[in-house]
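Please read the following note beside the structure. The points are numbered, and each takes up one topic.

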Amino acid sequence: MILFIFYGSILFFIIAAALRVRRCVSAPIHLHWELYKGSSVYELTEWWGKTHNTFGEKLWSMILDLLFLREFYHRNRNFWYFLYPFHIGIYSLVLWHAWFLFGAKVISIEFLSIWGRLWGHVATGLTFFGIVGIFIKRVKDEDLKIYYPPIHYLKWPFLAVILLEAFYSVQFYFGDIFEDLLLEFHPNVATKAHLLFASVLLIYLPFSHIMQLFFRYYHYLRWDDVPNVRGSEIERRIKEHLERPVTWSAPHIQSGKRWREVASKLECPITEGK
Amino acid sequence: MATERKKIRLKDISIRTDEPLITVTADDLMPLPPPLDQQGKKAPYSPLSENQKKSFECSLDGVSALALPKPKNKEEEEKLVARFLSGLRKLLSQNDNWPFWQPLIQSLESCVRCQTCSDACPVYVSSGNQEIYRPTYKSEILRRIINKYIKKRGKIITKLTGDDIKLNWPTVARLAELAYRCTLCRRCAQRCPLGSDNGLIGRELRKLFSQEMGIAPKELHDSGTVQQLKVGASTGISSAAFQGMVEFMEDEIEEKWGKRIKIPVDKEGADILLIHNSGEFMSWIENPVAFAIIFEAAGLSWTLSSEIYGYEATNYGTWYDDVQFARIALKQVEVARKLKVKKMVMGECGHAHKGLIVIADRILMDEMNFPRESFLPLLEELVCGGKLRLDPQKNNFPVTLHDPCNVVRLMGIVEPQRRILRKICPQFREMEPHGVENYCCGGGSGFAIMNSMNFKEWRENISSRMKLKQILETFNDVLDSGIRKYVCAPCSNCKGAIRDILSSNDLWEKNSIYYGGLVELVANAMVDMKRPYIDWEWH
């Protein structure tokens with residue numbers, strides 16, 4: 001049963017995450033809004049013939065941001081002191097699970113046991129330290145608590161419980177976990193509890209801010225300086241939107257006509273604002 | 001000693017009272033450096049008259065940017081609230097709001113309430129951290145209204161995600177005003193580690209009010225975009241009046257340069273169509289005159305346009321209305337296309353840069369996708385490429401540079417203006433912070449031209465206060481009135497806002513702090529100028 005829930009939650013995670021990604025990918029192309037961290041191609045004459053930031057540059061910037069939480073480090077250092085261990089801990093735990101599941105086939109269980117414990121405990125400790133620190137700051141710090149919705153106060157203790165339970169499982173049942181989980185499908189009680197908590201976490205993850213962080217990069221919100229050129233994919237997609245009806249109701253809009261007509265064919269009716 | 005300030009909560013936005021939620025007092029304001037550190041304490045803005053209070057909504061902070069009439073009865077209130085909700089639904093719909101749906105949803109969903117953005121906001125900091133001006137205040141209210149009235153995910157989830165906002169007329173009226181307490185400088189968005197853009201949320205709120213409810217400041221809509229679409233310019237300048245101004249410019253050129261030239265107007269096939277903010281012709285004619293001198297001296301093939309829409313770069317739709325924005329952008333490009341010029345070059349107008357070069361990029365299709373660029377790289381080529389004979393000693397006075405948000409943070413044009421100033425101004429000094437970290441002049445997003453009731457006072461004493469502080473700090477070692485100083489603001493609206501703060505604090509009369517554009521400094525440095533181009537006469 002527990003394995004059914006666990007694998008079900010993995011499936012749920014994959015489907016929910018895919019649906020969220022789909023929602024993001026299929027979103028209508030938006031107007032060129034943009035923010036810049038420094039000089040852009042617009043500093044050049046006839047910029048339309050020049051090279052914009054490459055995908056590699058964007059990717060490198062994204063990796064550095066995600067790895068070091070640079071924005072928080074520079075802008076909100078006190079918060080970063082807890083956020084960073086939390087994130088590094090989470091990254092390490094994800095890697096730990098991957099290493100554990102795949103490494104076990106080629107590395108001896110004794111080796112895994114020694115280094116797995118050390119790695120797991122350090123990662124768990126970092127994450128736990130981050131969680132406690134973040135929770136205390138969210139409760140104590142005036143700025144951090146003012147608009148923080150009640151639901152998020154439940155999140156941190158829940159994560160702490162998962163970690164504590166995980167620590168217990170790894171510390172006392174490490175040798176059994178791999179075989180129990182993957183070979184015999186009869187996990188012990190501690191592992192069962194861990195799998196249950198992990199399942200809840202997996203169900204929550206697609207709705208968390210972690211996904212948002214990735215979407216920010218997908219959106220290219222900060223670097224989306226890809227110009228629209230004639231005959232391009234961008235132009236094709238925009239043309240589709242220009243055929244949509246304008247539905248806004250204010251008198252100057254002329255609701256019901258298509259965007260293309262409203263913007264280009266009709267004179268703006270001279271109506272006073274209210 | 002200041003009395004303890006009442007703590008404002010999110011749900012206070014719904015309180016039904018005629019008294020404003022807050023009134024910013026002199027004690028609240030961020031202190032200014034010398035010479036304004038000793039000035040007497042004065043309230044940042046006057047209270048509205050009893051008649052004004054009776055007629056217009058001012059229950060946010062006692063200021064009225066919109067001159068929003070109070071509903072006559074309960075039915076009218078309910079109707080307006082229903083229209084707001086209908087507009088909010090459209091704002092969240094991919095079909096209705098395709099132009100900004102994706103970044104809006106990203107901004108609404110990604111905020112982790114870390115408040116990293118708060119200290120980045122000049123309005124919030126200058127006002128003494130007034131809660132209602134916090135960048136996230138209006139966003140969080142909107143978020144909770146959406147959770148409670150649009151998403152309707154059940155009582156428990158709604159409670160857990162915050163259900164404390166009551167959507168009534170006071171909420172709607174205060175949100176309408178609140179959308180015009182943010183200059184859309186997007187410094188907060190630049191700070192946000194998650195990429196949430198509270199500036200965009202403010203802009204989309206403005207759009208909801210305009211496109212669904214017909215509510216917008218008169219200066220932006222009636223005498224802004226509507227007037228521009230009707231007569232060709234938001235200043236009301238007609239084509240005939242523009243041509244008269246060109247003749248005046250030729251006289252000015254002769255007087256200052258000693259040469260009589262014919263300014264090219266409607267020259268078909270020219271390389272460049274130069275397009276100015278028409279406010280320059282009205283208030284700072286020396287700016288388009290300097291452009292003409294520089295372009296002629298460099299031997300460029302260029303022209304101005306006297307066609308309706310061709311002599312006005314502004315597009316106030318950028319700040320509040322997608323439809324008006326698109327209409328104006330298309331008309332401006334159509335002029336260039338018909339003139340068969342090779343490219344359009346924006347003069348010193350920040351939002352025209354952002355609007356026509358960047359935002360309009362994705363509404364200009366086929367032959368309307370016309371080359372458009374900033375004047376800055378071109379000017380840099382002329383100044384730093386040796387196309388003009390320049391003597392930097394003619395500009396041997398302290399000069400600092402204001403970075404217009406639209407050109408710098410929102411477009412990434414950071415260095416050309418600096419390379420120009422380093423070349424021609426021996427005493428050039430940076431403000432701190434500068435570049436993409438700059439502070440807004442306080443006149444952004446239309447504030448520079450909005451003067452409804454006590455809004456101008458609010459702007460001068462609150463939204464422009466950080467810029468005033470920066471200017472004074474930059475010149476703190478040369479405040480003596482015997483030393484003339486120059487604040488270079490290469491944007492028409494920024495120039496207007498800076499003029500107003502220098503003027504209302506007597507900083508020209510008492511401390512010789514002057515302001516102007518960038519091309520004026522270039523013209524002033526030209527070797528063959530008959531007399532100094534900058535005449536240091538306040539206007």
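1. Between chain B and chain A there are 7 salt bridges, a salt bridge being a side-chain nitrogen of Lys or Arg within 4 Å of a carboxyl oxygen of Asp or Glu. Arg134(B) makes a salt bridge with Asp143(A), with 3.1 Å between the closest N and O atoms.

2. The model is predicted: local features need pLDDT of at least 70, side-chain atom pairs count only at pLDDT 80 or more, and totals for chains, interfaces and linings use all residues. Residues are numbered from 1 along each chain as its sequence is written, chains are lettered from A and ligands numbered from 1 in the order in which they are written, and side-chain values use heavy atoms, leaving out hydrogens and water.

3. The contact (heavy atoms within 4.5 Å) takes 101 residues from chain B and 83 residues from chain A. The two chains bury about 8400 Å² between them, 56% of it on carbon and sulfur atoms; this buried area is the accessible area (1.4 Å probe) that two parts lose on being put together, summed over both.

4. Arg465(B) is in helix α19 (residues 465-474) of chain B; helices are DSSP runs of H or I with at least four residues, numbered from the N terminus. Arg465(B) is buried, that is, under 20% relative accessible area (1.4 Å probe, protein chains only). Arg465(B) has no salt bridge, and the nearest side chain of opposite charge, Glu460(B), is 10.0 Å away; for charge, Lys and Arg count as positive and Asp and Glu as negative, while His and the chain ends are not counted.

5. Among the buried residues of α2(B) are Glu77(B), Phe84(B) and Lys90(B).

Technical notes
Helix = DSSP H or I, 4+ residues; strand = E, 2+ residues; numbered from the N terminus. Buried < 20%, exposed > 50% of the residue type's maximum accessible area, 1.4 Å probe, protein only.
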